Amino acid sequence: MIHSLFLINASGDIFLEKHWKSVVSRSVCDYFFEAQERATEPENVPPVISTPHHYLISVLRHRIYFVAVIQSEVPPLFVIEFLHRVVDTFQDYFGVCTEAAIKDNVVVVYELLEEMLDNGFPLATESNILKELIKPPTILRTMVNTITGSTNVGEQLPTGQLSVVPWRRTGVKYTNNEAYFDVVEEIDAIIDKSGSTITAEIQGVIDACVKLTGMPDLTLSFMNPRLLDDVSFHPCVRFKRWEAERILSFIPPDGNFRLLSYHVSSQNLVAIPVYVKHNITFREGSSQGRFDLTLGPKQTMGKAVESVLVSSQLPRGVLNANLNPSQGTYTFDPVTKLLTWDVGKINPQKLPSLKGTMNLQAGASKPDENPTINIQFKIQQMAISGLKVNRLDMYGEKYKPFKGIKYMTKAGKFQVRT
Amino acid sequence: MSASSAFNDDKGGSSSVGEAEYAYDPVSGKIFSSDYNRHDDLKEMLDSNKDSLKLEAMKRIVAMIARGKNASDLFPAVVKNVACKNIEVKKLVYVYLVRYAEEQQDLALLSISTFQRGLKDPNQLIRASALRVLSSIRVTIIVPIMMLAIKEAASDMSPYVRKTAAHAIPKLYSLDPEQKDQLIEVIEKLLADKTTLVAGSVVMAFEEVCPERIDLIHKNYRKLCNLLIDVEEWGQVVIINMLTRYARTQFLNPNINESLLEEGSGGDKTFYGSDEDEDEDDDEKEKEKKAEAAAMAKRKPYVMDPDHRLLLRNTKPLLQSRNAAVVMAVAQLYFHLAPKAEVGVIAKALVRLLRSHSEVQFVVLQNVATMTIKRRGMFEPYLKSFYIRSTDPTQIKVLKLEVLTNLANETNISTILREFQTYIKSMDKDFVAATIQAIGRCATNIGEVRDTCLNGLVQLLSNRDELVVAESVVVIKKLLQMQPEKHSDIIKHMAKLTDNIQVPMARASILWLIGEYCEHVPKIAPDVLRKMAKSFTNEEDIVKLQIINLAAKLYLTNSKQTKLLTQYVLNLAKYDQNYDIRDRARFIRQLIVPTEKSGALSKYAKKLFLALKPAPVLESPFKDRDHFQLGSLSHLLNAKAGGYQELPDWPEAAPDPSVRNVEVKESVPEWTKCSSREKRKEKKVEKPFYSDSEGESGPTESADSESDSATASDSRSGSEESGSGSESESEEDSESEEEEEEKKSKKKELKKPVQESESEQSSEEEDRKPEKKSKQQKSDSESESDEDEESESESSPSESEDSESEAEVKKKKKVAESKPPSKPVKKEKKEMSLLDLDDFEPAPSPQVTPVNTLLSNSLVTDLEGLSLSDSVLSPATIAPSSALKNYELLHRITGEGLTVEYCFSRQPFSPDANMVAVQLQFTNNSSSDTKSLHMEDVKLQSGMRVKEFPEIELLPAGETASAVMGIDFCDSTQAANFQLCTHTKKFFVSIQPPVGELMRTVFLTENEFKKEQGQLMGMNEITEKLTLDARCRNEHAIVQRVTAAANLSRVPCGSDKECRFAGRTVTSSSLVLVTVATREEGAAQLTVNCEKMVIGTMLVKDILLALTQ
């Protein structure tokens, strides 16, 4: 399966390599660099590259390419999914997954990679098991280690790999027992020129942070489970129970995890919480264009729309922009031609707007293309689909946990075409 | 090259960084020391007896390895520490050892004894880790030791150690392939393991070592299917991929009945595409079809192997996995193995994956693109999910575009084109070019929008971006080739462009167009040549070649004006630098300029150059990619990757299914014995017993598999019996009919392969012997229906068409009506396959069947492939082809030689949706011809209506003809009485419908079903308890019988204790919902919910009868 792994940074340096079978020379990455050169954008490097003797499968995360070397047939998604899991693990361990973080913790990284793959086949990818084997570095522990010479490798053996619930450590203890669930929904939408919705979908996740002693068995039920059209679960969720009763029943992993991600059935109309009035025009013959953008709330059920951020890729011909925001700040990068406007909170009484002119290159003709406007926003305390958790119960343990559920709606890929 | 040298430099750079990192270390304070010395101090640290120093040294060494620096000279110093007490030091030493053992084989041997000791440790985790490192040391000398260790570990008590043993197998195999035979033994043993922990790893080993030994899987197949859901996710992927291959060798194609339809849908492509293709391949196709039909004749009707069903059922929940690789694996399994109607379930899950990382999207879209070519209908509901956002990376955009293009059809093309219009304004020019290509493909595939697309593309010619213009030119050229006469103004417009466009491909395309259609633009063409001659020397090679071409063509058509120009161009070309161009010029001069020497060829020059060229077919690059297993690397690359296992074709006949039976009798006592779980040695290799928690599940599991196999054989015999039992009479009737037809057709059609007719004849003879009846009959009727399907008959009793929902059919009808130009083509085709048609179309008077139905027929079949997959879990696969009962309308004796039979074809009657289609079959058994068969004097109850069948002018002696009439029964079972007239006689006849035929199928989801049922309670619900017939106690048989009794479609249902069906009455469209809930001992409860109580009551009676007899 996976033969070797190379980590390559944005400037094309291989800063880490790991081999699980016999060593593959790093010159194999030349093919990758070639492909990288051919691609105009970093994300346009093909994920699968064929070389005479090997295949390179890569993912790009945090501006680092994780390049796996494969020698024979293997489902590409298998490798891609695994590489993403590696990145997630690093992020879990070091807080961030940057070149610096990896270099600083190179030994832990190596130990992790050693445990995650055996002979190129995934062995332990569950973060709870890994944490039992290799303790994540903390400032305190690093200090203690340098003084006492003790190690960050777990003393006890990885019993988690043997358990029936491999995702949960045994012997978890907390003084404050608490379980928090965040219901986060994202709206993906494409709005056309005239303001009508071309496509809109709601995707949601339930992220959990569970700190409970022992082996609790939780059940979570919804007021309106019918809303959930297509769901995918953390392996801990009992599928049969869901099929039969539409109840989530599970023994939770310890700590943070994604319990469920779902898609809201498309029959339900999606409420679009913001609208955009725009007027972006370029006149023939003149080297100026007009830019006029107003945002407003719509169908928010009385909740405030916050953290609004508007970004738009202006045509290449635009030299600079002289704009005047009624609130917030805007920036225009003359190199990438990216306009961003940090609006903040939308006040329904006084709608935020951004108006002004754009200057075109002298003599350049009117651009053909129309920029699209990407919008990000957040609405607290509301799940736009109307999904509601009914109750959360715990069995198997005696104590009374503290429970909390939070709702939030965000913009996913929310685009307005002009 | 430059890159590699760049990072060589780089290594030096980063190493100095590394040094700086550790500069604080008091012991190795010599920052400026040379490499050699630095390693010296590492050695010192390793030799010290302080663990902290050792650890520090090891950390630095590992950091060196990670950076790709050579640390092999430290080997002796490191290997000494293999027995160190400190766990972290030990682990890092392992890392080092595995990395360098291959280079330092002799020294590596020093460490072996430590691991050998570890293998005997009482702690299972230590045993496992010792085996893991030992097997990772790539030293050939220790192969025997490894072999021994693996064998021992394979029968270890701990499943975790056994898992490690499974992991070690491929390691040893890659080190020494000679060990294959022994390793296979170990694999065989581990395959029998019943724990989820081992399953994934051992299948992985199986795939690497002996993927060809499919026989090892038989006994473990059911167990693997049952364990699958609890196996860890990576193992699931491997197991699912392996089982896909396994199932392809062991089961029959579930779409066998539709494979001919698929052929039809293949025809659909050529139908929209180019006629030329059809002409070319027609003969071949015909042959293929015949060969296939011959093969079909030998087959029994398809009944899904219960093991096949087990696999499909157990993998389905995994579509909900959070792991994209698992979802993809299940999706490919369904695509390759599931009956067409069930494949649809994967679409939703795949669309969900499109929310994931862009690399995942990339792979998923590639696979979706391949799927959409075969199963377009599956993704149509998700069309909008493939809309492109400006933030997508270009490669994703292009793939989405591909999918959108594949999904385009008459109904959605306008929305897709509107989307494309916005894409054209994108800033990403590569993407714009791809969009233009996509528009071109839509235009070729969908005739109605061709002109719209062409106009749109012509507008693009005035775009500022040259790339856009060039791409448009190339696409317009292809489109114009389809109907050049209409578009001479576009050609003129393009001629003007030659002044501005610089992209060689576009220039070449324009020149070719002008040359090809120079007769449409007689004035402009010579002028273009003049301009081109001027700039000839500065053009690119492909443009030069086209200039020569243009010159030659003009010379042939308009030599007066262009003679000198042509000679000038040819002279220029003669001295061109490029070999090809000189060659071409020489060749063309000889061909077109007549000299005394020039041979016979020059006479034909005009024909050679201005031959009618076939229009190009714009095809998806994903066409035919599905011969690679989906989701595989090979599929992605469209080339065979190393180690790729071909997905075998379905077998002609299913291999013996009993190989998968597990003998339980033996294993049960064994398990009871091992529940005392003390012994560690076992004699029987196949049945290890371990003291793990999952041991208990063993016996129940095997018991399960037994009952599985029992029901398997049950259902098999059951279905066979039911085939021969309940329907034997009607089948016999239809048989004899069909036989006669066949004979006739054979007489007529001499081209038919001799062997086939022989085999059929023999089977017919056998049919008469009652004992052998059932099987042969089935195969016969099967082949019949297949032929029907092939001949695109509306009235063919193919069950697959039943499943179409009304709406779809309507849609198709619309399509049919809006496509008059296709008429001639279709007719031609009809005549070619006349043989297969004569059972519904009287050969002597082909005008009997109205053109309208004829067209819609062909479209229905054409679109079959798409629409079928829309209806998830339709009964298509389950309902037997013999489900249509034939009723007698006129007996041979009363009819004086004329036999008339009718059946309810369960097709929507196209002229009037409220009518039930009744297919009549006339057979003239007398010795004289019958003329002008028609209907008269229809007597009906009030409200009822009849659409008469068209008059059959002549029915020669011994011939058979069929016709379709429509009756609106007003949802009652009142008979329709009428007179059947020939030129001499009149017969009073009547058609009385069974209540089950007064409805049409409708597709509901489970939720809809429940909702509707909730509204039809109380008076509208009729419940009856019953005891099921002994042969009808499995789901399959129930479905078969209910759908035979009434024209209902199956509604998917989560519980396997219930079968649900739904339909609507034909006239009033009231819902009819049927539920059959089974209990123990064949007890069952039948519930019918229907607004029309009379219908409900009668239906209950009919279904009761069907289920209890």
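**Exercises on the contact between chains A and B**

The contact takes 96 residues from chain B and 101 residues from chain A. The model is predicted.

**Exercise 1.** Describe the contact between chain B and chain A by buried area, polar links and residue class.

*Solution.* Begin with area: the two chains bury about 8,600 Å² between them, 57% of it on carbon and sulfur atoms. Next, count the links: there are 11 salt bridges between chain B and chain A, and 37 residue pairs are in polar contact, both residues at pLDDT 80 or more. On the side of chain B that touches chain A, helix α3 (residues 51-66) of chain B gives the largest share, seven residues. By class, this side of chain B holds 38 nonpolar, 30 polar and 28 charged residues.

**Exercise 2.** Determine what the salt bridge between A:Asp188 and B:Arg355 joins, and whether A:Asp188 is buried or exposed.

*Solution.* The closest N and O atoms of A:Asp188 and B:Arg355 are 2.5 Å apart. A:Asp188 belongs to strand β8 (residues 178-191) of chain A, while B:Arg355 lies in the loop between α19 (345-353) and α20 (358-374) of chain B, so the pair joins two chains. With a relative accessible area of 3%, A:Asp188 is buried, because buried means under 20%. B:Arg355, at 30%, is partly exposed.

**Exercise 3.** Locate the partners of the salt bridge between B:Glu997 and B:Arg906.

*Solution.* Their closest N and O atoms are 3.2 Å apart. B:Glu997 sits in the loop between β9 (986-991) and β10 (999-1001) of chain B, and B:Arg906 in strand β2 (residues 898-908) of chain B, 91 residues apart. B:Glu997 is buried at 8% relative accessibility, and B:Arg906 is buried at 9%.

How values were computed:
Residues are numbered from 1 along each chain as its sequence is written. Chains are lettered from A and ligands numbered from 1 in the order in which they are written. This is a predicted model: local features need pLDDT of at least 70, side-chain atom pairs count only at pLDDT 80 or more; totals for chains, interfaces and linings use all residues. Side-chain values use heavy atoms; hydrogens and water are left out. Contact means heavy atoms within 4.5 Å. Buried area is the accessible area (1.4 Å probe) that two parts lose on being put together, summed over both. A salt bridge is a side-chain nitrogen of Lys or Arg within 4 Å of a carboxyl oxygen of Asp or Glu. A polar contact is a pair of N or O atoms within 3.5 Å; within protein, one must be able to donate a hydrogen and the other to accept it, and residues adjacent in sequence count only if both atoms are side-chain atoms. Helices (H or I, at least four residues) and strands (E, at least two) are DSSP runs, numbered from the N terminus. Ala, Val, Leu, Ile, Met, Phe, Trp, Tyr, Cys and Pro count as nonpolar, Asp, Glu, Lys and Arg as charged, and the others, Gly among them, as polar. Buried means under 20% relative accessible area, exposed over 50%, partly exposed in between (1.4 Å probe, protein chains only).
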